[in-house]
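Hi there,

Here is the structure I promised to pass on. My notes follow just below it.

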Amino acid sequence: MSEGKTFKIAVGPVHPALKEPVQLNCEIEGEQVKHVDIELSQVHRSIEWIGTRRNPVQVVFLAEKICGICNICHTLCFCEAVESIAGIEVPARAHYIRTIAAELERIHSHILWAGVAAHELGFDSVMHYTWKLREKVLDTTEYLTGNRIGKAIVTIGGTKRDIEEKQFGKIREACNYYRQNFSRLRDIFLKDPIIKARARDIGILRRDDALSLCAVGPTARASGVKKDVRQDEAYAAYPDLDVKAITPKELLGEIRGDVYDRIAVRLLEVLQSVELIEKCLKQMPEGKIAYESKLAKVLSDVKQLKGEAIGRHEAPRGEVFHYLKMVGEETPYSWKVRAPTYNNILSWIPMLKGAQIADIPIVAASIDPCMSCTNRAAIADGKELGNEKLHRLSVEKTRSLKKGPGSERGNCN
Amino acid sequence: MNELIIYQLASVPAIAALGIILGLLFKGIDRVLAARMQARIGPPIRQPFRDLRKLMIKENIVPKNAVRFVFNGMPLLAVAASITILLYVPIAGFLPLMQGYGDLILLLYLLLIPSLALVLGGFASASPYASIGAQREMVSMISYELPLAVAVASIAWLFSRAMPGIASFSLAAIAANPVWELVGPVGFIGLLALFLILLAVMPGEIGVIPFDTAEAETEIASGMLVEYSGRNLALFYLADAVKTVGFASILIAIFLPYGISGTLSLQGANAVAADALFFLLKLFIVVFIGRVLIRVAVPRLRITQVVKAYWGYATIAALCGLSLIALDAILLAGGC
Amino acid sequence: MTAMLRELLKQLFKRPFTNKFPSKRIPESVNGFLEKAEKGKAKINPAIPVPEGFRGRIEYYREKCIGCQLCTKVCPADAIVFLPKEKKVEYHLFRCSFCGQCVEICPVKALEFTKEFLLADYKKD
């Protein structure tokens, strides 16, 4: 093969390895990746912009549409922010219901990811197998919330639906199902010699890299950073549940920060979620499920708020962060969403350096990227803009947002 | 003599049609079985026929920078070579049509041609993905040829030793004298190793997971085939289907040449029908193990791992098989 | 490898896990297909029952509506449009995201969930 001669291939924006549009410009020498450049912003839906033109009760469900898979986390963050501006106290039972929904979502997301990862390795049988296992959690979600994916259960000040005593049986059944299948999944993913050969020591993210790139979620934890919003700044029912950040050490005995470790962390987190749900069911207090059951009253309560707040949540992919500013109008003045992929995406660069072309799909998938949640801007004339000008524009925009109404408002680009 | 040639010429289209139908049928069976193993319903068995028809009526796009005649010619070459394989292989109990005109060595070369056609077509299509795919295909071709050649040479050596006087590379001769009867217990193990190696070469030869690095859908977007569409893609699809049957038939001719009519003491048309059905059963078993089972049960390897698997493990195993057969020959000779 | 192989061979002899789509082929129109099936002309694979409280297509009872416009205020997708002349609303199924806020807020229960989920179609009718 040609020695020393590099050529470029573009992985994406439309490529079978990437389920969502993002472009990886790779410089290749032979089969080896020499350099990677990531081109983001291939899909921008201006959800924040739409959000600043609707009242908070509507935005709750707009937030749910930010991400199809982790829809609880965005809704939860937004509700937390609104609640802290309005000073609404959420009943304890609602906290537990929210936690159960969030953990069901984590199980669903991690198992879905496991299937995608297997597909990237060309192991479609495992993809079909894991997705078959995922059906159970989807059925449970449908049973509890009325739909398989879009849960629509979290609302401002509580939850929309109650989880009653008679429904516990089905949740416990699902928990047992995953408990029983955990060892099978572990055998398939961690004991298969070829998966091991494809995932071990591939896409290594060292601990200091993970820290300096601010990686979050399973990506950071697989590199040995014990970071978990549920543990560090517990919210909802998590303070009662004693969550511990999971690292691959518990299962494998060592931390290498490679793809294999990330698989192990996610598998362990499925088990952790099962345990958390079981604890929730055991400890669930009696009481109201929302501070106010009449939606019309909630609507009038959140209409003319003033103040700013944040909401944080440990989504399956890592920490989600929402910033909300209200200035006494019906609609939010500013709403900023930061999805976990935004932090994790730059870790592709150290992971992919020196890897082979064959490793690009699995390494890219290993951070569980979610592009449309991440993209917050669309650049029409990016080539002429340049880094400096872009930075200046961003600073100007932030300043104008800080000043509040009166200054130029709008085009949220 | 002239009549024979005419008869042979007339049989070529029949064999080609048989090869195509069998190839597509087994592709359909492959897809259904794979789907069932993955707990899916899967397509109907006739789906490959439909796919082929659909591809045939689709527009045939040639990229602007492609070398046109190579790009268009290679699919034809691939199909032609795959069908030619069938002319040299005993199928369904019938002797090969071109008996006496070529032997196992020729078959080894014929097996290479569809892959080479893919490589050239890939390079001609002027896409970086196709180039990577073509490079990978060349590397994996070199890798699986070695154990394959060792295995075939071992068989030929066994024949030349056990039955001096017959053309040792002639597939018809090999098929007429089952190899298992020529060896003692040690050689039996050696032959078993060779059989398993040929089964392991099969997925590489027909380009399925775990050795489909050259096409690797999730990595390089089906590599060499990335620019192909319409009729050209249909021809490659066909070549793949026919080659599967061809390679499986070679395996059967070498290792499983037994007919069933003798055991059931059938005669005439019944015997032919029984043998043909039995051949289909053998074909099914070989395709099931060499294609379906392997491709659903393992993930794709990296190209470096493909080389390691074939040059390392498979070649060592093939050499072990060869030495076991040699040892067996020495033991037998000593015993006599 | 062995763990997966065992699982695969086991699944080979089991019935597929997939739930069958109600019709064998995609029908030209869903309503037409359902009508046909009722008359016994087309075979319909029985649907897997949906649980209690399923959020399916929203039914709008026009005569009950009092035109208070509360639903238009909570709909995140602008799927409900107020018709000022008739003092009624118009519900657009193809924009609906099935969040259920309109059902919750409606003071006269003019909007209601049904269990219908076979909603994808080629035409907006």
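What percentage of the 413 residues in chain A do buried residues make up? The figure is 60%, where buried means under 20% relative accessible area, exposed over 50% and partly exposed in between, with a 1.4 Å probe and protein chains only.

Before the rest, some ground rules. This is a predicted model, in which local features need pLDDT of at least 70 and side-chain atom pairs count only at pLDDT 80 or more, while totals for chains, interfaces and linings use all residues. Residues are numbered from 1 along each chain as its sequence is written, chains are lettered from A and ligands numbered from 1 in the order in which they are written, and side-chain values use heavy atoms, leaving out hydrogens and water.

Chain A contains 19 helices and eight strands (DSSP runs: H or I of at least four residues for helices, E of at least two for strands, numbered from the N terminus). Its C-alpha atoms fill a box of roughly 70 × 55 × 30 Å along the principal axes. Of the contacts in chain A (heavy atoms within 4.5 Å) between residues at least 6 apart in sequence, 69% join residues at least 24 apart.

Now the cysteines. Over all chains, the search turned up zero disulfides, a disulfide being a pair of cysteine sulfur atoms within 2.5 Å. For Cys175(A), the closest cysteine sulfur is in Cys280(A), 9.7 Å away and so too far for a bond; Cys175(A) is buried at 3% relative accessibility. Cys106(C) has its closest cysteine sulfur in Cys68(C), at 6.1 Å, also too far for a bond, and Cys106(C) is buried at 15%.

Best wishes
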